[in-house]
Structures are given as structure tokens and as C-alpha cells.
Amino acid sequence: MPSLGADMEAGTLVEWLKRPGDAVKRGDVIAVVETQKGAIEIEIFESGVLERMLIEPGAKVPVGTPLAELRSDGAAPAPEPRPEKPAAVPPAGEPVLPKPPREAPAGIGLVSEAPPVDVPSPEAAGARVSATPAARRRATELGVALGDVRGTGPGGAVSLADVEAAAGAGPDQRPPARPPRAGFDPGPMRRAIAAAMARSKREIPHYYLTQTVDLHRPLHWLEDANRERPPAERLLPAILFLKATALALRKLPELNGFWSGDGFRAGPGIHPGWAVSLRGGGLVAPAIHDADQKALPELMMKVRDLVRRARTGGLRSSELTDPTITVTSLGERGAETVIGVIYPPQVAIVGFGRIVERPWAIDGALAARPVVSVSLAADHRASDGHRGGLLLAEIERLLQEPDA
């Protein structure tokens with residue numbers, strides 16, 4: 001069971017997407033796990049053949065608990081378990097909690113998705129049908145009774161394809177994502193955010209810096225760059241902010257990584273977590289891997305995809321376990337300045353406020369210029385104000401060179 005957040009202690013296995021004997025490779029999605037903030041697709045860390053599943057769907061287990069056994073390519077199959085010690089299957093309402101390993105892996109990143117939709121049980125007897133979260137949402141949208149659908153997933157679980165086949169609807173007929181129902185209870189998500197932020201303010205010695213940046217040049221460049229682009233492919237100012245931050249971190253690596261134990265550990269790459277506000281309340285910050293290496297159009301596409309999946313479901317565990325810093329942009333409807341709270345074990349968060357027009361001194365004269373307030377909250381154990389100031393100065397310098 002991977003750790004999908006600094007505040008996550010356990011997760012519930014919703015379903016297996018692979019069967020024993022299936023060949024898998026690193027990065028394959030093999031299971032869906034539900035935490036207090038949503039259902040997340042779990043990717044496997046190694047390649048090989050799935051030997052056997054150790055946890056049954058519906059079981060809630062602590063972080064670090066083995067979920068399955070994986071056989072490396074070419075290795076001999078493991079012997080079958082002896083019949084006198086069958087694998088425990090949790091009875092209804094009482095999931096089995098396997099003993100955790102000696103040491104659970106540390107985890108980072110917020111976990112969330114669009115709030116779950118309540119699906120009434122279709123069976124007359126009241127038993128719950130085994131189905132994927134996506135299948136349940138789709139069944140509600142199409143008015144399909146899950147009890148009437150024949151499941152083809154692992155263990156007979158009803159999949160999204162099964163629901164659409166039963167309703168005679170193809171993937172191209174899926175309706176657009178809808179906001180959550182008015183009855184959505186944000187309580188569990190708020191408690192998770194509260195736990196992480198309380199830990200941050202209790203353990204991390206924050207220092208804060210702000211700087212105002214003239215956006216006259218980058219916004220004019222953006223206008224020219226978007227002139228020939230269709231609306232769906234136009235670049236937003238936030239993408240310039242994200243790319244400038246990622247490039248600036250190359251020069252200030254001590255602000256890109258994690259504080260663990262008594263020391264700083266640099267991130268394996270520049271993987272900023274992009275803060276996404278969820279409909280109905282809540283926040284998630286999935287990682288954009290190697291943002292410093294991506295061209296602006298690709299980065300824009302990645303952000304749009306992340307925002308869509310964060311709000312409708314479908315985030316992957318790899319996007320939630322390794323953000324090396326958080327970047328938040330409030331957009332045109334936000335406040336002028338945002339002072340962030342560091343998400344542990346990260347050591348910094350960069351914030352961009354709303355773009356506003358302000359008087360600006362140019363060659364001894366005043367002119368109206370679009371400006372943005374850029375802020376940094378950083379961990380004083382990992383860096384000092386001088387280095388943090390250099391990061392903001394580098395972000396400003398890069399924003400003035402949008403062609404680069």
C-alpha cells in the first residue's frame with residue numbers, strides 16, 4: 001500500500017485491474033485504492049509477473065502493507081500456499097488488516113479527486129455489487145442498474161466498459177464532467193488538509209519572501225504566440241509562471257526536494273506539484289514531471305490534462321507521491337498575493353497572485369503596467385532568505401525573456 005500523502009495512514013483496496021499470471025511492467029496501473037480524499041490509480045514499481053494477490057478488494061490496510069507478490073521475469077513460480085492456511089478474505093463490514101512491514105515507505109503529495117457520487121444499491125437483497133468507481137459514476141449517469149450488468153473485470157467486478165455495453169453507449173458518447181452534487185460532504189478532505197497543514201506549521205520553520213514582477217513583455221509575447229492558435233491550444237500566463245519557476249530551480253536546487261530526518265534530500269528531477277482547486281472544495285497538487293524540460297505547448301497540455309483528471313477522477317499514484325515543490329497560481333479571480341504553506345516533506349512553495357495593473361516607474365516616468373506578485377514560502381532548515389531571494393530574482397529574469 002503506497003503512501004499517497006503526508007497524512008495518509010491506511011487505504012482501502014477498491015479493485016484489482018490485473019489478475020495473477022499477468023505480465024506487468026513498471027508504470028502499469030494494477031489497482032485502485034481509495035483514501036479519505038478519493039480513489040487513486042496505483043502503478044506498479046517493478047516489472048515481472050503477478051504471482052498472487054495478498055489483499056482482497058474491500059480490505060483497509062496500513063501504508064506499507066504488501067498488496068501482491070511479483071515474480072521477476074525468468075524466475076520459477078512460487079509454490080501454491082498450503083490449503084490449511086488459506087488467504088484471509090474479509091467478511092462484510094470487517095476488512096482484514098494484515099500486519100504491516102517493519103518500515104513503511106515515506107510518502108508525499110496531496111491525494112484527491114472529484115468527490116464521489118453516491119450510488120444506490122440496485123439489488124433487492126441489499127448486497128453491494130463489485131464495480132469500479134468509474135463504472136458506478138457512469139451507471140448513475142446512464143440510469144443502469146449495476147445488479148443487471150455482467151462484470152468482466154477481476155473477480156467478476158463491473159467495469160466502465162461493461163456499463164457502457166449494457167447501456168449501448170460508446171466512449172465517445174460520455175457526457176462532460178459535472179460538478180459534484182449539492183450534498184457533497186467535504187469533511188474528510190478538509191480533515192486531511194488540516195492534518196497536513198497543521199503538521200507543516202508545527203514542524204517547519206517557514207520564512208516568506210515576495211516580489212512584484214512587471215509582465216508587460218511576457219504578456220505581449222503571449223498575445224503574439226496565441227494569435228494563430230485555436231482557443232483550446234492557447235497558452236495561459238500561468239504556464240509562463242510554471243516554466244520560469246522550473247528553470248529557476250535548476251540554479252537553486254536546495255529549494256527543490258525534501259526534508260527527511262535531519263537533512264535535505266534533493267529531488268530526483270524538477271517535478272512541481274500544480275495546485276488544483278476542486279469543485280465543491282478541497283485542493284490537490286499532482287506533479288508535472290520534468291517540467292523544466294518540457295516546451296510551453298506540451299506543458300500547457302499537461303496542466304489541462306491534470307486539472308481535468310483531478311476534478312473528474314483518474315489521477316495516478318506517481319503524480320501524487322513525488323512532487324518536489326508546489327506551485328500555485330490564483331488566476332484572474334484570485335487575490336493579489338498568496339502566501340503559501342509548505343506541504344511536508346517538501347521545502348518550498350511558490351505562489352503567483354492575480355495579474356493587476358499598477359503604476360510602474362520606467363526610465364524616471366510613471367506608466368500603467370500589468371504586474372504580478374510572486375511569493376516564496378521556504379523551509380529555513382534547507383535554505384536561507386538570500387537563496388530564496390535569488391530564486392525570485394531568477395523567476396523575474398526568466399519572465400522577461402519569454403522567447404527563451
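**Exercise 1. Find the order of the strands in the open sheet of three strands, and say which ones sit at the edges.**

Step 1. Start with the order: the open sheet runs 2-5-7, and its pairing is antiparallel. Strands here are DSSP runs of E with at least two residues, helices are runs of H or I with at least four, and both are numbered from the N terminus. Two strands pair if DSSP finds at least two bridges between them.

Step 2. Now the edges: strand 2 (23-24) and strand 7 (68-71) each pair on one side only.

Step 3. Look at one pairing: strand 5 (residues 48-53) and strand 7 run antiparallel and are joined by four bridges. Val49, for instance, has Arg71 in strand 7 as its bridge partner.

Step 4. Stay with strand 5, which also holds Glu51. The side chains of Glu51 and Arg71 make a polar contact of 2.6 Å. (That's a pair of N or O atoms within 3.5 Å; within protein, one must be able to donate a hydrogen and the other to accept it, and residues adjacent in sequence count only if both atoms are side-chain atoms.)

Before you go on: this is a predicted model, where local features need pLDDT of at least 70, side-chain atom pairs count only at pLDDT 80 or more, and totals for chains, interfaces and linings use all residues. Residues are numbered from 1 along each chain as its sequence is written, and side-chain values use heavy atoms, with hydrogens and water left out.

**Exercise 2. Decide whether Glu51 is buried or exposed.**

Step 1. Get the cut-offs: buried is under 20% relative accessible area, exposed is over 50%, and partly exposed is in between (1.4 Å probe, protein chains only).

Step 2. Glu51 has a relative accessible area of 15%, so call it buried.

**Exercise 3. Describe the aromatic pair in this structure.**

Step 1. There's one such pair, made by Phe241 and Phe352. (Rings of Phe, Tyr and Trp, the last by its six-membered ring, pair if their centres lie within 6.5 Å; planes under 30 degrees apart are stacked, over 60 edge-to-face, the rest tilted.)

Step 2. With 4.5 Å centre to centre and 5° between the planes, Phe241 and Phe352 are stacked.

Step 3. Phe241 belongs to helix 5 (residues 237-248) and Phe352 to strand 15, so the pair ties together parts 111 residues apart in sequence.

Step 4. Check burial too: Phe241 is buried at 3% relative accessibility, and Phe352 is buried at 0%.

**Exercise 4. Which residues touch the most other members of the largest nonpolar core?**

Step 1. Know the term: a nonpolar core is a set of buried Ala, Val, Leu, Ile, Met, Phe, Trp, Tyr and Cys residues joined through side-chain atoms within 4.5 Å.

Step 2. The largest core has 68 residues, and Trp274, Leu391 and Ile395 touch the most other members. Helix 5 gives the largest share, nine residues.

Step 3. There's also a second, separate core of eight residues, including Ala131 and Val149.
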